[in-house]
Amino acid sequence: MKLLYKISLINLLLLISIRSNAQSIKGTVTDKHNQALEAANVVIKGTTNATSTDSNGNFEIDSKNKFPLTLLVQYVGYTTQQIEINSLNESPLHIILNEENQLIEVVVSSRRRVEKVQEIPIAVSVVTGKQAEEAGAFNVNRIKELVPAVQLYSSNPRNTGINIRSMGSPFGLTNDGIDPGVGFYVDGVYYARPAATTLDFLDVEQIEVLRGPQGSLFGKNTTAGAFNITSKKPSFTTKADFELSYGNFNFLQAKASITGPLSKKLAGRISFSGTQRDGLIDNVVTGKPTNTLNNQGFRGQLLYTPSENTNITFAADLTTQRPDGYAQVIAGIAPTQRADYRQFNQIIADLNYQLPSLNAFDRKIDHDTPWRSGQDLGGFSLNIDTKIGNGTLTSTTAWRFWNWDPSNDRDFTGLQVLAKSQNPSRQTQITQELRYSGQISSRLNAVVGAFFIDQTVKTNGTEESGNAQWRFSQSTTSPLWATPGLFEGYGIKTNSKIRSSSAAIFGQLDWSITERFHLLPGIRYNFDKKEADYNRKTYGGLQTNDPALIALQKSVYSDQAFNTAVDDTDYSGNITATYQFSDKINAYATYSKGYKPVGVNVAGLPTLAGKPILELAVIKPEEVNHYEVGVKTSPFKNSILNLTVFNTEIKNYQTQVQAAELGVNRGYLANAEKVRVRGAEVDANFIVNQHITLNGALSYTEGIYVDFKNAPLPLEETGAPVAFKDVSGTDLPGVSKWSGSLGVDFSQSGKFFGNLGKFYFAADSFARSEFSSSASASKYLIVDGYAIFNARIGFRTTQGLSFQFWGRNLFDKDYYEQLLPAGGNSGQYAGVLGDQRTYGITLKYAL
C-alpha cells in the first residue's frame with residue numbers, strides 16, 4: 001500500500017504541474033426543430049478528447065490540437081455528423097442532427113485514442129450500455145449471447161473461465177497458478193481475477209470486445225483478446241437515472257446513478273446496483289429452492305479538472321454477492337472401466353440410496369452440504385489524463401481485492417461422501433500503468449507504455465469425508481474398507497499461497513505510408529515471476545495404529561507439501577498492414593507472436609507411489625503464433641458487413657486436468673504439446689428503413705489438439721490399465737464449431753406521458769452447436785447444441801419515463817452450459833443448467 005501511495009502522489013504532482021494554454025471550441029447541438037439534445041457525444045476525431053452536451057444542448061471542448069480538426073457528434077437515433085473546423089473563429093457552432101434511423105458510427109478507445117470502430121484494424125465487437133440494458137445483459141454471461149465469439153463457463157464465481165474464440169482459460173475448474181488469456185479492464189484498470197466477470201455491470205457506457213492477442217496496446221499481456229469496459233463519467237451537468245425491474249421467480253433488480261458538479265472544477269458520480277432472485281433448483285431435503293441471486297454493487301467517482309488539459313478521476317467500488325447457489329444437478333452416469341462393485345449405480349444400491357430424479361431438468365437435488373458462494377470484490381483507482389504536445393499521457397494506479405467464501409457438495413448427491421468441500425481464498429493486487437499516446441509526425445502515431453502488477457492469493461481450504469466415503473473410495477474387496485468410522489471426519493486442511501509479479505514495457509506505431517496504406521508494428525517485453533507454497537495435512541477419521549487401515553486412509557487423502565519459485569522473460573510482438581480501398585472498404589492483415597507466462601500448480605499434485613509428481617509443479621509458458629485477415633465494409637447506405645479469418649497455433653498449451661484423486665482439489669494444470677484454433681467470423685448491421693434495424697453475427701471455430709500424448713483419461717476410461725491417453729487430433733473442450741446471434745428492432749416515434757421517444761419491439765436469438773465439456777473428449781460429456789430466443793417491447797426516451805416488458809428463453813429450452821464429473825470420477829457427472837424461461841418488466845426514469 002505504501003508503494004501505491006507513493007506512485008499516486010508522484011503522478012499527481014507531476015501531472016498537475018503541467019500548465020495549459022489551450023482554448024476551447026463551444027457550440028450547441030439541437031434537432032431540426034431546434035430542440036436541445038442533452039448528452040450528445042462530441043469527440044475530437046483521432047484523440048481521447050470527448051465531452052457531452054448539457055441540458056441546453058451546449059458543449060465546450062479543448063482545442064489544443066492543430067487545425068484543421070474534425071468533430072464527431074453522436075446522439076442515439078440521430079445521424080452522426082463529422083464537422084471540420086479550420087480555426088477558433090468558427091466557434092460557437094450550431095450543430096443540427098437529423099432524426100433518422102441510421103447506423104451510429106461507433107467510436108472506441110481500443111487503440112488508446114478515440115476513433116471509428118470501422119476504421120481500426122482490429123476485430124472488435126461493441127455493445128453500448130443502453131444495448132446491454134435493453135437486452136437484459138447485466139453481466140458477461142449475458143454478453144456472450146450478443147457476441148458469439150465470447151464463451152463463459154462458470155460452475156461458481158471462483159471457477160469461472162472466459163474465452164474469446166475458445167481460447168484464454170483452460171476449460172474446467174480455476175487454478176490460481178496461471179494467468180487468464182483474456183484481459184478484463186474496467187476504466188483502464190486490469191482485473192486479475194476471473195470471478196470479476198460474474199459481477200453485475202455498474203453504470204456502463206460501452207463494452208468493447210477485442211478478439212485476438214493484445215500485447216502492444218494494453219497493460220497486461222493477453223493471448224486471446226480483451227474486454228475493455230468504460231463507465232459513464234462524472235458530469236458537470238446534474239443528471240440522475242433510476243431503474244427498477246421485476247420478474248418471475250421474484251426477480252428484483254434496482255439501479256440508480258446520480259452525477260453533477262461539486263464545485264467549478266470537481267464533479268462526482270455515484271452508482272448502485274442490486275439484484276435478487278429466488279432459486280431455480282429445488283432441494284427436496286431442505287424444502288428450499290437454491291441457486292438464488294443476491295448481488296449488491298456500488299461505484300463512486302470524482303472528476304477533478306485542474307486545467308483544460310488535465311483530467312483526474314478517482315474511483316472506488318465494492319461488490320458483494322451472497323447467493324445460496326451454484327448447485328449442480330446430476331446429469332447422467334457413465335460406466336467406467338473399474339470393477340462392477342466400483343460403478344456408481346452399484347455403489348448407491350449398496351448404500352440404499354436413490355437419486356431424487358434421473359432427469360436433470362426436473363431441477364431437483366437432495367444435497368446434504370449447503371451451497372455457498374459468497375464473494376466480495378472492490379478497490380480504488382486513480383486515473384490521470386493530461387495532454388503533452390500532440391498526445392496524451394495517462395497514468396492509472398489501482399489497488400483491488402477479492403474475498404471468496406464457498407461451500408460445495410462435490411459428490412452432487414444426498415450421501416455424505418464429501419461432508420465438506422470449501423476453499424476460501426483472499427486475493428489482493430496492485431497495478432500501475434503509464435502510457436503515452438499521440439502523434440509523432442504527420443505520418444506517425446504511437447502508443448508507448450509500461451505496466452506493473454503484483455498480486456497475492458492465499459487459500460485456507462478444508463475437504464472432509466463423510467460416512468459414505470468408504471464405499472466410493474473402495475478399490476479392493478477387503479472388508480477393512482467398511483471399518484466403522486474409518487473415513488468419517490477424515491480430511492485435509494490446505495494452506496497455499498501464490499505471489500505473482502509481472503512488469504512490461506510495450507509500444508505500437510501507426511505509420512501512414514500513404515493516405516490509404518498503414519503499417520502498424522508493435523512490440524512487448526515482459527518479466528514474470530511466480531512463487532508458490534503448498535502445504536496440506538490430514539486430520540480426523542478413525543485413530544488407529546493398524547498400518548493396513550492407515551494405508552487405506554492415505555489412499556484417499558495424504559499429506560503433501562511443496563514450494564517453487566520461477567521467473568521468465570519474453571518478447572512478443574505483432575505487425576499489421578491495413579489498406580483502405582475506399583470509404584466503404586477497409587482491409588487488414590495481422591501476424592502476432594504472443595505468449596502466456598509460466599504457471600505453477602497450487603491445488604495439489606497427482607501422486608505416483610504415494611509421492612507427489614513434483615515435475616508437474618511448474619507449467620511451461622504458452623507460445624502463440626496468430627494470423628488474421630479481416631475486411632470491414634459498408635456495402636450500401638446504413639449497412640456494415642465485416643469478415644475476419646484467423647488461425648492460431650499454441651505450443652505448450654496450458655490445460656486443466658480433472659484428476660481421479662480426491663486430494664487434487666479442482667484438478668491440476670498440465671501442458672499439451674500443441675493446439676490449433678482457426679475459424680471465421682461475420683458481423684453485420686443493417687438499417688432496412690427508418691423503423692427496422694437488423695443485426696447479426698456468425699462464428700465458425702475449429703479447435704483441436706494437434707499434439708497431446710499424455711492427456712488425462714476421459715471419464716468412461718477411468719480405471720483403465722494406463723494412466724494417460726493420446727488425444728492428438730481430437731477437439732478442444734468448450735469449442736462449438738458454429739455459434740451465432742441474430743436480432744431485429746422495430747421502432748416508431750411517439751409520445752408517452754408527454755415525453756418524445758420511440759415505441760419499439762425487439763427480438764434476438766443466440767445459438768451454438770455441440771461442444772466437448774472435458775479436457776479429453778468423452779462421449780458422455782458432450783453438451784448438445786441449443787438455441788434460445790428473447791424479446792422485449794416498450795418505450796425508450798432520453799428523458800422521463802421509459803419502460804419495457806421482456807422475456808428470456810421464451811420457448812423454455814432445456815440446455816446445459818457445462819458438464820463436469822464428480823470428485824473421484826466414480827461415474828456420475830453433473831450439469832450447470834441454463835436458466836428456464838424468465839419474464840418481467842423494467843421501468844426507467846431519467847432526469
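Strands are DSSP runs of E that hold at least two residues and are numbered from the N terminus, and S425 is found in one of them, strand β29, which covers residues 425-441. The model is a predicted one, and the chain in it has six helices and 53 strands. With a radius of gyration of 28 Å, close to the 29 Å that the globule rule gives for 847 residues, the chain is as compact as a globular protein of that length.

**Confidence**

- The mean pLDDT of the chain is 87, and 93% of its residues reach 70 or more.
- Over residues 3-10 the pLDDT is below 50, and this stretch has nine contacts in the model beyond near neighbours in sequence.
- Residues 12-22 also have a pLDDT below 50, and for this stretch the model shows 19 contacts beyond near neighbours in sequence.

**Overall form**

- Along its principal axes, the C-alpha trace of the chain spans about 95 × 55 × 50 Å.
- Of the 847 residues in the chain, 59% are buried.
- When contacts between residues at least 6 apart in sequence are considered, 69% of them join residues at least 24 apart.

**Cavities**

- The structure holds 19 cavities of 30 Å³ or more, and the largest cavity has a volume of about 730 Å³.
- The lining of the largest cavity is made up of 38 residues, and those that lie nearest its centre are N141, R277, Y326, E817 and D835.
- By residue class, the lining of the largest cavity divides into 14 nonpolar, 16 polar and eight charged residues.
- At least two lining residues of the largest cavity come from each of α3 (140-143), β11 (150-154), β22 (293-307), β49 (786-796) and β52 (828-833), and β49 gives the most, with three residues.

**Buried residues in strands**

- S425, in strand β29, has a relative accessible area of 0% and is therefore buried, the cut-off being under 20%.
- Leaving aside neighbours within four places in sequence, S425 is in contact with R158, W402, N403, W404, V457, K458 and T459.
- G274 lies in strand β19, which runs over residues 266-277, and because its relative accessibility is 11%, G274 counts as buried.
- Beyond neighbours within four places in sequence, the contacts of G274 are with L252, Q253, A254, N295 and Q296.
- The C-alpha atoms of G274 and T514, which are 240 residues apart along the chain, are separated by 52 Å.

**A buried residue in a loop, F412**

- F412 lies in the loop between β27 (391-407) and β28 (418-422), and its relative accessibility of 5% is why F412 counts as buried.
- With neighbours within four places in sequence left aside, F412 is in contact with Q328, I330, H367, W371, L820, P821, A822 and A830.
- F412 and G219 are 193 residues apart along the chain, and their C-alpha atoms are separated by 41 Å.

**Loop residues with a positive phi**

- Most residues other than glycine have a negative phi.
- F249, although it is not a glycine, has a positive phi of about 60°; F249 lies in the loop between β17 (239-247) and β18 (251-261), and with a relative accessible area of 28% F249 is partly exposed.
- N638 is not a glycine and has a positive phi of about 60°; N638 lies in the loop between β39 (622-633) and β40 (639-657), and a relative accessible area of 19% makes N638 buried, since the cut-off is under 20%.

- Not counting residues up to four places away in sequence, L614 touches F562 and L605.
- L614 and H626 are twelve residues apart in sequence, and from C-alpha to C-alpha they are 32 Å apart in space.

Note on methods:
Residues are numbered from 1 along each chain as its sequence is written. This is a predicted model: local features need pLDDT of at least 70, side-chain atom pairs count only at pLDDT 80 or more; totals for chains, interfaces and linings use all residues. Side-chain values use heavy atoms; hydrogens and water are left out. On a 1 Å grid over the protein atoms alone, a cavity is a set of points where a 1.4 Å probe fits but cannot get out, and a pocket is an open set with protein on both sides within 12 Å along at least five of seven lines; lining residues have an atom within 4 Å of a point. Grid points are joined across faces, edges and corners, and a volume is the space filled by probe spheres set on the points. Helices (H or I, at least four residues) and strands (E, at least two) are DSSP runs, numbered from the N terminus. Ala, Val, Leu, Ile, Met, Phe, Trp, Tyr, Cys and Pro count as nonpolar, Asp, Glu, Lys and Arg as charged, and the others, Gly among them, as polar. pLDDT is the predictor's confidence in each residue, from 0 to 100. Contact means heavy atoms within 4.5 Å. The radius of gyration is taken over C-alpha atoms; the globule rule is 2.2 Å times the number of residues to the power 0.38. Buried means under 20% relative accessible area, exposed over 50%, partly exposed in between (1.4 Å probe, protein chains only).
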